Amino acid sequence: MAMAESVSPQADANTQYLELLQLVERLHRQLLDVVKDELEREGIDDVNSVQALLLFNIADQELTAGELRTRGHYLGSNVSYNLKKLVEAGYIRHERSATDRRSVRVSLTETGHAVCAQLNTLFERQSASLAPVGGVEIDALPSMNTALTRIERFWADHIRFRM
């Protein structure tokens, strides 16, 4: 009778953590694909999925590029490039701050709000079918969100405190 191979708790934790990292990366790419598919279905071809999520995250707010980086976790040059493209395409308006002329505040135009509303409709439709189609119970979402928020804080602390 062969003995079952035992795995140390630390080795198991490492395996699970590496699986989580791969899953987070795949989920982000999949979200971009879902948004891209929705844009294509709606005939929106002058905005890519990253830009559409940027519009969604701005929503009714008036923000600076720096605030978008800290709140939306976008890379600095990526935000600047995408904001410039969205301004050129008429999805975003930008205005220099009256108090700090170096700071530019951005907000959505009517067209930008339309894309934001389209993504909101998509996400509402998906949340309604998450349990019956996706097999994800709504009651499980708060604990998933808590775990992911803790991982986000852990990563931020890792950078901040050079752990």
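Guide: Two strands are said to pair if DSSP finds at least two bridges between them, and the strands themselves (E, at least two residues), like the helices (H or I, at least four residues), are DSSP runs that are numbered from the N terminus. Residue numbers start from 1 along each chain as its sequence is written, and the side-chain values rest on heavy atoms, with hydrogens and water left out. This is a predicted model, in which local features need a pLDDT of at least 70 and side-chain atom pairs count only at pLDDT 80 or more, while totals for chains, interfaces and linings use all residues. Here pLDDT is the predictor's confidence in each residue, on a scale from 0 to 100. The chain averages a pLDDT of 91, with 93% of the residues scoring at least 70. Confidence is lowest in helix α3 (residues 65-72), where the mean is 79, and highest in α5, where it is 97.

Three strands make an open sheet in the order β1-β3-β2, and their pairing is antiparallel. The edges are taken by β1 (63-64) and β2 (92-96), each of which has a single partner strand, so one side of each is left without a neighbour in the sheet. Between β1 and strand β3 (residues 104-108) there are two bridges in the antiparallel sense: L63 has V106 of β3 as its bridge partner, and T64 stands opposite R105 of β3. Helix α2 (residues 49-58) packs on this sheet and touches β1, β2 and β3, while its direction makes about 95 degrees with that of β3. Such angles run from 0 to 180 degrees between N-to-C directions, and the axes are lines fitted to C-alpha atoms, for helices over the stretch in contact.

L55 is placed in helix α2, and it counts as buried because its relative accessibility is 0%; buried means under 20% relative accessible area, exposed means over 50%, and partly exposed lies in between (1.4 Å probe, protein chains only). Leaving aside residues up to four places away in sequence, L55 touches L86, Y91, I92, L108, G112, V115 and C116, where a contact means heavy atoms within 4.5 Å.

The loops beside the strands come next. In the loop between β2 and β3 we find S103, which is buried, with a relative accessible area of 19%. Residues up to four places away in sequence again left out, S103 touches T64, E95, R96 and S97. R102 also lies in the loop between β2 and β3, but R102 counts as exposed, at 72% relative accessibility. In the loop between α2 and β1 sits A59, which is partly exposed, with a relative accessible area of 22%. Most residues other than glycine have a negative phi. A59 is not a glycine, and yet its phi is positive, at about 50 degrees.

Helix α1 (residues 9-41) and helix α5 (residues 110-129) pack at an angle of about 115 degrees, and their axes are 11 Å apart. α1 passes α5 in a right-handed crossing; a crossing is left-handed if the near helix is turned anticlockwise from the far one by less than a right angle, and right-handed if clockwise. The contact is made by L31, V34, V35, E38 and L39 of α1, together with V115, Q118, L119, L122, F123, R125 and Q126 of α5. Sorted by class, this contact of α1 with α5 has eight nonpolar, two polar and two charged residues, where Ala, Val, Leu, Ile, Met, Phe, Trp, Tyr, Cys and Pro count as nonpolar, Asp, Glu, Lys and Arg as charged, and the others, Gly among them, as polar.
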